[in-house]
Amino acid sequence: MIPHDLDHLSLGFNREHFIHDILEPRYNANISRCARDLGLKPNSLRDILCNNRNAGTTTLSCLYRYCVRNNLNPTRYIFVFTNEGERKEESV
């Protein structure tokens, strides 16, 4: 039996892990190059990283595909909130 109500889940983005693991070492903190490789517009990625805009479905999907293509664990960057407000993240 699943302990949480699956109708009340939402996804989130771990900015700190993304910046530390991907943006800085792989792109030398160049948001434009990183956005291009993710398949996003640079302004969208900049807003998410710098202005605390929430990452939507498109951004999270692009990030998931990027992780799969680059043999990275997507659960390090994408997490689930349950209806109780818990953050579920796979430990890495």
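In what order do the elements of the protein chain run from the N terminus on? The answer is β-α-α-α-α-β-β, in a chain with four helices and three strands. Please keep in mind as you read that this is a predicted model. Below is a friendly tour, from the chain as a whole to single residues.

**The chain as a whole**

- The protein chain has 92 residues, and buried residues make up 34% of them.
- The chain exposes about 6000 Å², and 48% of that area is supplied by carbon and sulfur atoms.
- If you count contacts between residues at least 6 apart in sequence, 54% of them join residues at least 24 apart.

**An aromatic pair**

- How many aromatic pairs does the count come to? It comes to one.
- The partners are F13 and F18, whose ring centres are 5.4 Å apart.
- Their ring planes stand at 55°, so the pair is tilted; for an edge-to-face label the planes would have to be over 60 degrees apart.
- Both F13 and F18 are buried.

**Where α2 meets α3**

- Two packed helices are described by the angle between their axes and the distance between the axes.
- Helix α2 covers residues 31-38 and helix α3 covers residues 42-50; their axes come within 8 Å and cross at roughly 110°.
- That angle makes α2 roughly perpendicular to α3, since the range for this label is 65 to 115 degrees.
- As for handedness, the crossing in which α2 passes α3 is right-handed.
- Which residues meet here? From α2 come I31, S32, C34, A35 and L38, and from α3 come P42, L45, R46, L49 and C50.

**Two residues of helix α4**

- T59 is found in helix α4, which spans residues 57-69.
- Is T59 buried or exposed? T59 counts as buried because its relative accessibility is 9%, and the cut-off for buried is under 20%.
- Leaving aside residues up to four places away in sequence, T59 touches L40 and I48.
- R65 is found in helix α4 too, and with a relative accessible area of 44% R65 is partly exposed.

- Most residues other than glycine have a negative phi.
- N52 is not a glycine, yet has a positive phi of about 55°.
- Where does N52 lie? N52 lies in the loop between α3 and α4.
- N52 counts as exposed because its relative accessibility is 56%, and exposed means over 50%.
- N71 likewise has a positive phi, of about 55°, although it is not a glycine.
- N71 is found in the loop between α4 and β2, a strand at 78-81.
- With a relative accessible area of 73%, N71 is exposed.

Terms used
Residues numbered from 1 in each chain as written. Predicted model: local features only at pLDDT ≥ 70, side-chain atom pairs only at ≥ 80, totals over all residues. Heavy atoms only, no water. Buried < 20%, exposed > 50% of the residue type's maximum accessible area, 1.4 Å probe, protein only. Contact = heavy atoms within 4.5 Å. Areas by Shrake-Rupley, 256 points an atom, 1.4 Å probe, with all protein chains shown as cover. Phe/Tyr/Trp six-rings, centres within 6.5 Å; stacked < 30°, edge-to-face > 60°. Axes fitted to C-alpha atoms, helices over the stretch in contact; angles between N-to-C directions. Parallel < 35°, antiparallel > 145°, perpendicular 65-115°, else oblique. Left-handed = near helix turned anticlockwise from the far one by under 90°.
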